[in-house]
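Biologist: Hi, I'm new to this one. Could you put it up and walk me through it?

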Amino acid sequence: MGQQKIRKAVFPVAGLGTRFLPATKAVPKEMLTVVDKPVIQYVVDEAAEAGIEHFVFVTGRGKGVIEDYFDIQFELEQMLRERNKNAELTLLADLLPKAGTASFTRQQVPLGLGHAVWCARDIVGDEPFAVLLPDMIMSSDKSCLKGMVELYDKTGGNVLAVEECAPELAHKYGIVGVGDKVGEEGFKITEMVEKPAKGTAPSNFFINGRYILQPEIFKILETQERGAGNEIQLTDGMLTLAKSQEFAAYHFKGETYDCGAKDGFILANLAFALKRGDIRPLIEGPLKALTAGL
């Protein structure tokens, strides 16, 4: 199908990170490091692997360090040159977005995910786009968003990434109904239910923080009434959009770490450290000793 290419991705990074106080009093939660890279870098890398060309960050007060991170730091690079730290210079250059491919806009008031996405409307414009929640980092042979883009190329419309949870935990998540299969890794979504009452969930497939949405979502969010938590909920907007457009699900089968929670953040550090050939030999023994008594 001749679908319009997914070129832009929105990263809602305005959250306060209260679950990580006191660290997040001065450091944005997205800049907390998993091994030696900020959480946000893993999510941006995922988007880049999927072919994203323009990275749109919806920030808030106190998040200027994120903008600084995705910029050149002249004094640091000059020092690295003087000390012949060529490997470090190359690393920084490889992580730097090309000029003009990163945009930043403010969400002045924390009114929810739907409102944060709406704040990016003028930068995204009239084209389909991706949304990646910056707390969720993923590990798989093929990035989650890349798989979603491949499914989108077949289906068009809107695509959500989903994973399976234990059926008895479905009431904790946004759950989708399962329709006809699409390709090897996808299916049509028949319904979406946010935190269904126990025993009423249409499936055990939950939305995991990755979205491909059509631009019509912006008009919906513009007049969307506040929902749960007195916030403008993206799920409410998608439910309205689903009345006129199709939604498909990409079944992601890798590992997902919720770095907005302490346990997920710690597990992510362990998992990504163990994947590193330069670090695993240093921590494998001590890690086994620490867990021997469990």
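Biologist: At what angle do helix α10 and helix α11 pack?

Modeller: Helix α10 (residues 262-274) and helix α11 (residues 280-291) pack at an angle of about 125 degrees, and their axes are 9 Å apart. Axes here are lines fitted to C-alpha atoms, for helices over the stretch in contact, with angles from 0 to 180 degrees between N-to-C directions. Helices (H or I, at least four residues) and strands (E, at least two) are DSSP runs, numbered from the N terminus. Before we go on: this is a predicted model, where local features need pLDDT of at least 70 and side-chain atom pairs count only at pLDDT 80 or more, while totals for chains, interfaces and linings use all residues. Residues are numbered from 1 along each chain as its sequence is written, and side-chain values use heavy atoms, with hydrogens and water left out.

Biologist: Are α10 and α11 oblique or parallel to each other?

Modeller: They are oblique. Angles under 35 degrees count as roughly parallel, over 145 as roughly antiparallel, 65 to 115 as roughly perpendicular, and the rest as oblique.

Biologist: Which residues make that contact?

Modeller: From α10 you have Leu270, Ala273 and Leu274, and from α11 Arg280, Ile283 and Leu287. Contact means heavy atoms within 4.5 Å. By class, the α10 and α11 contact has 5 nonpolar, no polar and 1 charged residues. For those classes, Ala, Val, Leu, Ile, Met, Phe, Trp, Tyr, Cys and Pro count as nonpolar, Asp, Glu, Lys and Arg as charged, and the others, Gly among them, as polar.

Biologist: And how far apart are the axes of α3 and α4?

Modeller: Their axes are 8 Å apart, and α3 (residues 74-82) packs on α4 (residues 86-95) at an angle of about 150 degrees. That makes α3 roughly antiparallel to α4. On the α3 side, Leu76, Glu77, Leu80 and Arg81 meet Glu88, Leu89 and Leu92 of α4. The class count for α3 with α4 is 4 nonpolar, no polar and 3 charged residues.

Biologist: Switching topic: which residues touch the most other members in the largest nonpolar core?

Modeller: That core has 43 residues, and the ones touching the most other members are Phe11, Val34, Phe57, Ile137, Leu145 and Ile212. A nonpolar core is a set of buried Ala, Val, Leu, Ile, Met, Phe, Trp, Tyr and Cys residues joined through side-chain atoms within 4.5 Å. Buried means under 20% relative accessible area, exposed over 50%, and partly exposed in between (1.4 Å probe, protein chains only).

Biologist: What does Phe57 touch?

Modeller: Not counting residues up to four places away in sequence, Phe57 touches Phe11, Val13, Ile40, Val44, Ile66, Phe70, Ala102, Ser103, Phe104 and Thr105.

Biologist: Where does Ala249 sit?

Modeller: Ala249 is in strand β12 (residues 247-251). Its relative accessibility is 0%, so Ala249 counts as buried. Leaving aside neighbours within four places in sequence, the contacts of Ala249 include Leu151, Val162 and Phe187. Ala249 and Leu151 are 98 residues apart in sequence, yet 8.5 Å apart in space, C-alpha to C-alpha.

Biologist: And Leu241, buried or exposed?

Modeller: Leu241 is buried, with a relative accessible area of 1%. Leu241 belongs to helix α9 (residues 234-241). Beyond residues up to four places away in sequence, Leu241 touches Asn158, Glu216, Ile217, Ile220 and Phe247.

Biologist: How many disulfides are there?

Modeller: The count comes to 0 disulfides, a disulfide being a pair of cysteine sulfur atoms within 2.5 Å. Cys165 is in none, and the nearest cysteine sulfur, that of Cys144, is 16 Å away. Cys165 counts as buried at 10% relative accessibility.

Biologist: Now the backbone: which residues does a cis peptide bond join?

Modeller: Leu21 and Pro22, with omega about 10 degrees. Pro22 is in the loop between β1 and β2.

Biologist: What is phi near for Val35?

Modeller: Phi of Val35 is near 65 degrees, a positive value in a residue other than glycine. Val35 lies in the loop between β2 and β3 (37-38), and is partly exposed at 24% relative accessible area. Lys195 also has a positive phi, near 45 degrees. Lys195 sits in the loop between β10 (186-194) and β11 (205-213), and is exposed, with a relative accessible area of 53%.
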